[in-house]
Amino acid sequence: MKRDRLLALIGVVWLLVMFPPAGHALDLNLRDVLGLYTGHQVDNKGQYYAYAGATLPLTGTELSFEPFIDVFVARQKYIIKDGVGNLLPAHLNVYTAALGVTKTFDRFSLSLSAGPALQSYTEKYSYQDQGQTVFGETSAKELGYTVSSYASYTIPNNRFELIASYSSQQGVYFGRTRWKHTVYKKPEWYGMEVNPGVEFVAVGNDRFQAYSTGLVFEMKWKRFGILLRGGYQNTTAFQ
């Protein structure tokens, strides 16, 4: 079966956080701990994925792990193939608020989170009526939940990352593995680092699946970073 290869490009910008020392009371100094991130991906078929979020670690709890709150919003345009065989656009909006915990073991870090999620989507469809193709549109809002996990392992000049998540609405899964290698450091330039790498991503449900692989290029400083991504994507809509 022939698969169309889609060129995908993403730019991700986020605010890196600096954690203060743990105290005897809950520390909510937003200037020091609030992390902001946003990103956008587009391919040559007009599909895109845009998102933004904020993470607030609850430091100073004197616990053996670090709790955090994460708020996330996203909008996605994707192509689906209906029963007639037409390729039609669909849009998905996602809003989540999750509570999670992070535990660090020397070079290994693990985060788990879960929370309610609201999704709204619009899909176009078509059907045959007396030899004519009739087009329509359906939309709905669904309230459910999302669970996600993040793991990282760091050795000198190398970082391995794994993300996996699941949303109950429409059974959407997401997974990503990424390796980054530090090729340049300039501590006197606000802790500047240059980290190229590679990644593999899978996303979809029982109706739509997409798989991509490619290169990443990251530049980061103490509180700010940017990551560019490009590669190939296969999606079942174009098979």
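This is a predicted model: local features need pLDDT of at least 70, side-chain atom pairs count only at pLDDT 80 or more; totals for chains, interfaces and linings use all residues.
Reader: What is the volume of the largest cavity, and which residues line it?

Author: The volume comes to about 140 Å³. Among the lining residues are Gln76, Tyr78, Ile80, Leu92, Glu123, Arg207 and Phe208.

Reader: Which strand gives the most to the lining of the largest cavity?

Author: That is S4, which contributes three residues. Strand S4 spans 66-81, and both S4 and S11 supply at least two residues of this lining.

Reader: Now to the nonpolar side chains. How should I think about them, and which residues make up the largest nonpolar core?

Author: The general idea is that nonpolar side chains tend to be buried together in soluble globular proteins. Here, the largest nonpolar core has 11 residues: Tyr51, Phe72, Ala74, Tyr78, Ile80, Ala90, Leu92, Val94, Tyr121, Phe208 and Ala210. Two elements, S4 and strand S5 (87-105), each give two or more residues to this core. The most comes from S4, with four residues. Tyr78, Ile80, Leu92 and Phe208 belong to this core and also line the largest cavity.

Reader: How much space lies in the second largest pocket, and what classes of residue are in its lining?

Author: This pocket holds about 170 Å³ of space. Its lining has six charged residues, five polar and one nonpolar. Lining residues include Arg159, Lys180, Lys185, Glu193, Glu218 and Lys220, along with Ile155. At least two lining residues come from each of strand S7 (132-155), strand S8 (158-167), strand S11 (192-204) and strand S12 (209-220).

Reader: One last topic, the backbone. What is the phi of aspartate 106, and is the residue buried or exposed?

Author: Aspartate 106 is not a glycine, yet its phi is positive, at about 55°. The residue sits in the loop between S5 and strand S6 (108-129). Its relative accessibility is 74%, and exposed means over 50%, so aspartate 106 counts as exposed.

Reader: And where does tyrosine 190 lie?

Author: Tyrosine 190 is in the loop between strand S10 (184-186) and S11. This residue, also not a glycine, has a positive phi near 55°. With a relative accessible area of 64%, tyrosine 190 is exposed.

Note on methods. Residues are numbered from 1 along each chain as its sequence is written. Side-chain values use heavy atoms; hydrogens and water are left out. On a 1 Å grid over the protein atoms alone, a cavity is a set of points where a 1.4 Å probe fits but cannot get out, and a pocket is an open set with protein on both sides within 12 Å along at least five of seven lines; lining residues have an atom within 4 Å of a point. Grid points are joined across faces, edges and corners, and a volume is the space filled by probe spheres set on the points. Ala, Val, Leu, Ile, Met, Phe, Trp, Tyr, Cys and Pro count as nonpolar, Asp, Glu, Lys and Arg as charged, and the others, Gly among them, as polar. A nonpolar core is a set of buried Ala, Val, Leu, Ile, Met, Phe, Trp, Tyr and Cys residues joined through side-chain atoms within 4.5 Å. Buried means under 20% relative accessible area, exposed over 50%, partly exposed in between (1.4 Å probe, protein chains only).
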